[in-house]
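The following questions and answers work through one structure, moving from single contacts to whole chains. Please keep the sequence and the coordinates at hand while reading.

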Amino acid sequence: MRLQLITIFCLLYSFIQAQQEQSSVSKEKKILNKSEVDFLFSYYHQEGNNSAVTGGLGTEKLSDYASSIIITVPTKPTREFTLEHTTSYYTSASSDNINPTTISSASSDNLVHKVNLTEVYKDTARNSQYGFKLGGTHQNNFGGFSLGTFYSKQSYNKNREFKVQASYTLDKWALYYHISKLYPYELKGQGRLVSTDKRYSYNLSLAYKQILTPKMQMQLAGEFIYQYGLLSTPFHRVYFQEQTMAKLEKLPGHRLRLPLTFRLNYYAFDRLLIRSLYRYYVDSYGLQAHTINLELPFKITNFFSLYPFTNYHTQTAIRYFNGYKKHLLTEKYYTSDYDLSTLWSIEYGGGFYYSPVNNIFYFKKGRNFALKKWEMRYAYYKRSTGLHASIITTHLGFIF
Amino acid sequence: MKASIIRSLFFIALLTGLVCCVPVKQYQKTYLNDEEMQLGERKVAVFEADFHSYREGAVGGTIGNSGSGCGCN
């Protein structure tokens with residue numbers, strides 16, 4: 001509720017500010033970009049049988065409905081304000097297994113809200129821009145906020161760009177009650193099972209973009225993520241060889257994560273583009289991963305394209321992973337979360353992107369309001385552990 | 001073996017990219033200015049990124065600073 005009030009307040013603030021500045025400075029009005037509002041919707045469904053809630057064996061059936069609104073308002077020719085609000089509602093069979101007899105506190109309200117505010121300042125004389133970000137996440141059993149900043153600089157001919165971003169995130173489990181209420185029902189009353197209910201994350205990312213030819217450009221980016229606090233999930237069970245009683249998942253309280261990505265986009269022919277990405281990832285838990293993403297947009301007309309895409313991912317398990325009843329009581333850390341196991345996954349699908357120069361349609365009532373772009377795509381996801389999922393997403397972009 | 005092949009391809013692509021760059025004038029950027037040629041993720045892909053980060057152990061490096069969230073769904 002509080003988050004929704006903040007969102008409404010920020011929306012009103014940005015609109016009022018935009019209106020005031022645009023009406024009072026008529027000269028600026030002529031060179032201001034249009035404001036944009038984007039609506040995104042998605043439906044995601046997965047099936048699997050390795051839920052971490054039930055110790056690596058049990059249903060992972062889950063459906064997620066998400067929507068997002070992104071409003072970008074240029075308040076000055078050199079200043080832009082963006083507000084993003086995402087709501088996601090999910091039904092999860094495994095969450096209900098935290099306490100199968102009643103609906104537990106972790107599963108009774110599966111509504112997630114995320115809000116992000118970004119303010120960007122552009123310095124056209126120096127080809128640079130900087131900005132600030134403020135974000136918040138809220139759901140019944142979890143909450144967090146983040147602060148961030150970024151700076152980017154282009155070369156004089158705009159063929160190279162360097163960008164640096166930094167952020168700090170504080171997450172907290174069990175906002176309105178003690179974290180012990182999130183434990184699986186049979187582990188309640190066993191005292192303090194986790195040392196903290198907070199998670200701290202520090203991110204630093206660097207990106208370098210280079211135009212290679214009139215039809216090709218690339219980007220190299222690296223991110224440094226350091227996390228500490230409660231990095232396990234307080235309702236994941238782990239079963240051991242020596243006993244029937246489960247224990248709560250336990251993972252080290254510090255984690256360093258290093259993803260490195262390389263992107264290459266190439267306008268291969270008059271109607272065919274190649275968008276590619278490779279990511280190498282390594283972390284202090286022992287997980288190493290390689291991800292390849294390939295998209296082939298084919299332009300049917302200058303404004304309408306169809307694109308097939310695929311994403312292949314392979315990873316090694318963290319050193320604390322083992323399956324159902326495979327762990328030993330002598331181990332210091334343990335998890336049966338198959339998201340952290342050795343696996344490969346493939347995702348493939350297709351979509352279309354439509355953005356005509358004269359807009360798809362527009363309403364002319366006082367202020368012009370036009371549907372500028374429309375994109376929709378479907379993907380099927382299959383993981384070597386048996387999990388499979390489908391996702392359909394659409395994006396409608398308006399200008400006003 | 002597979003990992004080393006992927007890594008080698010990555011470095012070859014990177015070196016090729018860095019070596020073959022030529023100065024490009026503003027009037028030559030018609031193709032580069034196409035919205036689908038931009039190096040960032042599509043908005044729909046950013047929106048879907050959460051589910052990848054939950055179902056796989058690797059995060060980050062694709063959409064800027066990795067965000068908050070419990071990932072418990």
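Q: Which residues is A:Leu287 in contact with, leaving aside its neighbours within four places in sequence?
A: This is a predicted model, in which local features need pLDDT of at least 70, side-chain atom pairs count only at pLDDT 80 or more, and totals for chains, interfaces and linings use all residues. Residues are numbered from 1 along each chain as its sequence is written, while chains are lettered from A and ligands numbered from 1 in the order in which they are written. Two residues are in contact if their C-beta atoms, placed from the backbone, lie within 7 Å. On that basis, the partners of A:Leu287 are A:Gln315, A:Thr316, A:Ile318, A:Leu340, B:Gly57 and B:Ala58.

Q: Which residues of the largest nonpolar core touch the most other members?
A: A nonpolar core is a set of buried Ala, Val, Leu, Ile, Met, Phe, Trp, Tyr and Cys residues joined through C-beta atoms within 7 Å. A residue is buried if 20 or more other C-beta atoms lie within 10 Å of its own, exposed if 12 or fewer, and partly exposed in between, with C-beta atoms placed from the backbone. In the largest core, which has 16 residues, those touching the most other members are A:Leu287, A:Ile318, A:Tyr320 and B:Ala58.

Q: How many residues does the second, separate core have?
A: Among the members of this second, separate core are A:Leu212, A:Leu264, A:Leu277 and A:Tyr278. Its number of residues is 13.

Q: Which element gives the largest share of the side of chain B that touches chain A?
A: The contact takes 42 residues from chain B and 76 residues from chain A. Helices (H or I, at least four residues) and strands (E, at least two) are DSSP runs numbered from the N terminus, and the elements giving two or more residues to the side of chain B that touches chain A are α1 (2-19) and α2 of chain B. The largest share, seven residues, comes from α2(B).

Q: Where is the kink in helix α2 of chain B centred?
A: The bend at a residue is the angle between axes fitted to the seven residues ending there and the seven starting there. Helix α2 (residues 43-55) of chain B, whose buried residues include B:Glu48 and B:Asp50, has a kink of about 35 degrees. That kink is centred on B:Ala49.

Q: What is the bridge partner of A:Thr118 in β5(A)?
A: Two strands pair if DSSP finds at least two bridges between them. Strand β4 (residues 111-123) of chain A pairs in the antiparallel sense over 11 bridges with strand β3 (residues 79-92) of chain A, and β4(A) also pairs in the antiparallel sense over 11 bridges with strand β5 (residues 128-139) of chain A. In β5(A), the bridge partner of A:Thr118 is A:Lys133.

Q: Is A:Lys158 buried, exposed or partly exposed?
A: A:Lys158 lies in the loop between β6 (142-154) and β7 (160-173) of chain A, and has a positive phi of about 60 degrees although it is not a glycine. Most residues other than glycine have a negative phi. Because A:Lys158 has 14 C-beta neighbours inside 10 Å, the residue counts as partly exposed.

Q: How far apart in space are A:Asn203 and A:Arg257, C-alpha to C-alpha?
A: A:Asn203 is found in strand β8 of chain A and is buried, with 22 other C-beta atoms within 10 Å. A:Asn203 and A:Arg257 are 54 residues apart in sequence, and their C-alpha to C-alpha distance is 9.5 Å.
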